[in-house]
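Please look over the sequence and the structure shown here. A short report follows.

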Amino acid sequence: MTTEKRPSSYDRMRDAMEREFRRYPQAAMERAFGLARDGAYLYVDFAGRRHRIGRETGRVEFREAGWRHADYNASMTLFDVLSRAEAAPRCSGQFVSLSAVGGQVLGAGPGGDLFAPQARAFAGRCGALRDACARLGGRPMPVGDVSYQLPLLPFLPVVLQFWDADEEFPAQLKLMWDANILDFMHYETTFFAAAHLFQRLAALGGVAL
């Protein structure tokens, strides 16, 4: 007898947002973010992988050996960003820590100890992290032992900075965001986006988180 897996609370929240998608201004999304489209789907690359969103269903899928249902982090990030299309947000080109966005402290932003588990996973594996960043379409940057500007979305880059562990200090991992990031997504959504990005880097680098 096969027992069907029950959806988690995260799955139910994702599915509820999918049902709301038809209320979003899809024409504005296409104009603001340059989305590809056909009669059934909108298409966008997210963390180096093609995603599609059903125009009628709102279902978010990613392409990997066919099309597979995206998880909560990916879906909620895309919904948050795309829902802001009518405001036509634009990047500033300046990268800052999340705590510095808007010139005010918003709380403990990504960086420092927040990403300690991911930093430990890549400790001693700078080559794997470089390879993963390159495969994601990243551009090398000069800060840290490994640093890349990465296309989180085609129109929204982030900067990853990594310092490997040594005899005195543990490995450190930091994300820098565009200064206008809160025009693109809510503060809480940056954590969903970061979690998805690190999952992708770990998979591409052959590292277990």
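## A buried alanine

A121 counts as buried because its relative accessibility is 17%; buried means under 20% relative accessible area, exposed over 50%, and partly exposed in between, with a 1.4 Å probe and protein chains only. A121 is found in helix α4. Helices (H or I, at least four residues) and strands (E, at least two) are DSSP runs, numbered from the N terminus.

Leaving aside neighbours within four places in sequence, A121 is in contact with V207, A208 and L209. Contact means heavy atoms within 4.5 Å. The C-alpha atoms of A121 and A202 are separated by 8.4 Å, and the two residues are 81 apart along the chain.

## Model and confidence

This is a predicted model, in which local features need pLDDT of at least 70, side-chain atom pairs count only at pLDDT 80 or more, and totals for chains, interfaces and linings use all residues. Residues are numbered from 1 along each chain as its sequence is written, and side-chain values use heavy atoms, with hydrogens and water left out.

pLDDT is the predictor's confidence in each residue, from 0 to 100. The protein averages 91, and 92% of the residues score at least 70. Confidence is lowest in helix α1 (residues 9–20), with a mean of 93, and highest in strand β8 (residues 146–153), at 98. Over residues 104–112, pLDDT stays under 50. The model has 23 contacts beyond four places in sequence for residues 104–112. Where pLDDT is low, the predicted coordinates should not be read in detail.

## Helix α5 and its buried face

Helix α5 covers residues 126–135, and its buried residues are C126, A128, L129, A132 and C133. Seen down the axis of α5, these residues fall within an arc of 160°, so they line one face of the helix. The arc is that of the directions from the helix axis to the C-beta atoms.

The buried residues of α5 pack against α4 (116–122), β8, β9 (156–163) and α7 (187–205). G137 follows α5 and has a positive phi, near 90°.

## The nonpolar core

The largest nonpolar core has 61 residues. A nonpolar core is a set of buried Ala, Val, Leu, Ile, Met, Phe, Trp, Tyr and Cys residues joined through side-chain atoms within 4.5 Å. L160, F162 and L201 touch the most other members.

What is L201 in contact with, leaving aside its neighbours within four places in sequence? The residues are F122, A132, C133, L136, L150 and L160. A132 and C133 are also among the buried residues of α5.

## The open sheet

Five strands form an open sheet in the order β6-β10-β9-β8-β7, with antiparallel pairing. Two strands pair if DSSP finds at least two bridges between them. The edge strands are β6 (95–96) and β7 (139–140), and each pairs on one side only.

β7 and β8 run antiparallel and are joined by two bridges. R139 has Q149 in β8 as its bridge partner. α7 packs on the sheet and touches β8, β9 and β10 (172–178). The direction of α7 makes about 125° with that of β10. Axes are lines fitted to C-alpha atoms, for helices over the stretch in contact, and angles run from 0 to 180 degrees between N-to-C directions.

## Two alanines with positive phi

A47 is not a glycine, yet has a positive phi of about 55°. A47 lies in the loop between β2 (41–46) and β3 (49–54). With 0% relative accessibility, A47 counts as buried.

A65 also has a positive phi of about 55° without being a glycine. The loop between β4 (60–63) and β5 (67–69) holds A65. Is A65 buried or exposed? At 88% relative accessibility, A65 counts as exposed.
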